[in-house]
Amino acid sequence: MALPLRTADETVFVDRFTDGVLDPEQPMLGPVRDGGHIVANTAPGCWGPMITPHLKGGHEVTVPVAVEGAEVGDAVAIRIKDITVTSIATASGNDRPMEGRFLDDPYCAARCPQCGTMYPATRLEGIGPESVRCANCGADATPFTFTNGYTIVFDATRRVGVTVHREAAEAIARDAARYAALPARSTQNPILRFAPHDLVGVVARLRPFLGQLGTVPAIRMPDSHNAGDFGSALIGKRHEFALAPEQLAHRTDGHMDCDAVRAGAIVIAPVKVPGAGVYLGDMHALQGDGEIAGHTCDVSGTVTLQVEVIKGLNIDGPILLPVPEDLPYLARPFTEEELARARALAEQWGLRELERTAPISVIGTGPDLNSATDNGLERAARLLGMSVPEVKNRATITGAIEIARHPGVVQVTFLAPVDRLARIGLGPYIEAQYGIKV
């Protein structure tokens, strides 16, 4: 007797997390209906999972959600409706891997330095950078420590943060899970237990975004490595997640660390497995372009997304439609005054018609910024049916190349002809985001 098909839900609530691995063979939540919503309570990424050896990916992202009707070769438009920080405080800073505590990669192959257990369970003893202990033998088992770190607290409105001194950092560390607002099903060791305090009295503005937002890759891989820069570190290694160079093409670049992936933006992600598998996490309270310290203020939070299937778009990596204020100056839609000036100038020189354009941002990734830029340019050219030299010209005079994450995630942003955007099915999203009729 055949089992009844699952009915797609209007809203899927997510409070469950992976063990740090994105696996297309694992069951998904949902499905959520095409046009429906995903509401999630996310756990901090980066530092908490980085000091939790049993998490195998360096992050702790949500269990993926299947989207009704999403098939390989489609895309999923993800509208970010809301992002709210729930953490009261967090800790972060520049990292140093601890030699002897991992097999080739400290993010995804942690090993106890004393008993040799891979992915050891741990227990917390006291506070400070030696508080993570192997549950099997008791050895100090954190794969990472700080070279320079800080503890930062947030105001009640989550608009500003201030880094605190040792006494405050240690008081927070003793109640770390509460200050981090760790979701109930999170299994990470809260980084606040380390009580770093190298920066004191620094004021920072909050502008939260998602460091991880995307779809499941077509091959099993650690969550933080689902990008061309981190992913390249898997090639030829000895651990279980090692890849051959050609296998990296199965990634979906969900780990962007792009500060424009915030409330109001639209991410258009590739579908490389049936159902797509939308997942999210690694919420950042704030970050400057490039995330040059390697890490920023990872926080817990709540997120609301709306998802829609775009049939047959067949993209290799993400497209981003940022909120207008996040666009580079040259890529912002023209005002009526600017267009009037342009029309007058065109008539003066005998031009009968001006090209109608709208902004688009294509994500490129690679082992370094040059290869990431090349990847983004090639993806944009393939998407819009242009040559790479044409995309280079357009990005130079009507856009910019922006660094999302050093060493290898960029945004290739420019004004593209609206007829080409309409031809590939992006018209409704361009019109909704920028008010440009396509």
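Helices (H or I, at least four residues) and strands (E, at least two) are taken here as DSSP runs, numbered from the N terminus.

**View 1. Overall fold of the predicted model.** On that assignment, the secondary structure of the protein comes to nine helices and 20 strands. The radius of gyration is 22 Å, close to the 22 Å that the globule rule gives for 438 residues, and the protein is therefore as compact as a globular protein of that length. Along the principal axes, the C-alpha trace spans about 80 × 65 × 40 Å, and 58% of the 438 residues count as buried.

**View 2. The tilted ring pair of Trp47 and Phe146.** By the ring-centre rule, the count of aromatic pairs comes to five. One of these is formed by Trp47 and Phe146, whose rings lie 4.0 Å apart centre to centre with 35° between the planes, a geometry classed as tilted. This pair links distant parts of the chain, since Trp47 belongs to helix α1 (residues 47–50) and Phe146 to strand β9 (residues 144–154), 99 residues apart. Trp47 counts as buried because its relative accessibility is 0%, and Phe146, with a relative accessible area of 15%, is buried as well.

**View 3. The edge-to-face ring pair of Phe146 and Phe194.** Phe146 also pairs with Phe194, here edge-to-face, at 6.3 Å centre to centre and with 80° between the planes. Because Phe146 lies in strand β9 while Phe194 lies in the loop between α3 (176–180) and β11 (203–205), the pair ties together parts that are 48 residues apart in sequence. Phe194 has a relative accessibility of 4% and therefore counts as buried. Ring pairs link Phe146 and Phe194, together with Trp47, Tyr107, Phe144 and Phe230, into a cluster.

**View 4. Charged side chains over the rings of Tyr119 and Tyr179.** The charged end of Lys56 is placed over the ring of Tyr119, at 4.6 Å from the centre of that ring. In the case of Arg178, the side chain lies over the face of Tyr179, with a distance of 4.5 Å from the ring centre.

**View 5. A nonpolar surface patch that includes Val162.** Val160, Val162 and Val203 make up this nonpolar patch, which covers about 230 Å² of the surface. Val162 is part of strand β10 (residues 160–163). With a relative accessibility of 34%, Val162 counts as partly exposed, because that class holds the values between the buried limit of under 20% and the exposed limit of over 50%.

Notes
Residues are numbered from 1 along each chain as its sequence is written. This is a predicted model: local features need pLDDT of at least 70, side-chain atom pairs count only at pLDDT 80 or more; totals for chains, interfaces and linings use all residues. Side-chain values use heavy atoms; hydrogens and water are left out. Patches are made of residues with over 30% relative accessible area and no salt bridge: like charges are joined within 9 Å, nonpolar side chains (Val, Leu, Ile, Met, Phe, Trp, Tyr) within 5 Å. Accessible areas come from the Shrake-Rupley method with a 1.4 Å probe; for residues, only the protein chains shown count as cover. A salt bridge is a side-chain nitrogen of Lys or Arg within 4 Å of a carboxyl oxygen of Asp or Glu. Buried means under 20% relative accessible area, exposed over 50%, partly exposed in between (1.4 Å probe, protein chains only). Rings of Phe, Tyr and Trp (its six-membered ring) pair if their centres lie within 6.5 Å; planes under 30 degrees apart count as stacked, over 60 as edge-to-face and the rest as tilted. A charge sits over a ring if NZ of Lys or CZ of Arg is within 6 Å of the ring centre and within 35 degrees of the ring normal. The radius of gyration is taken over C-alpha atoms; the globule rule is 2.2 Å times the number of residues to the power 0.38.
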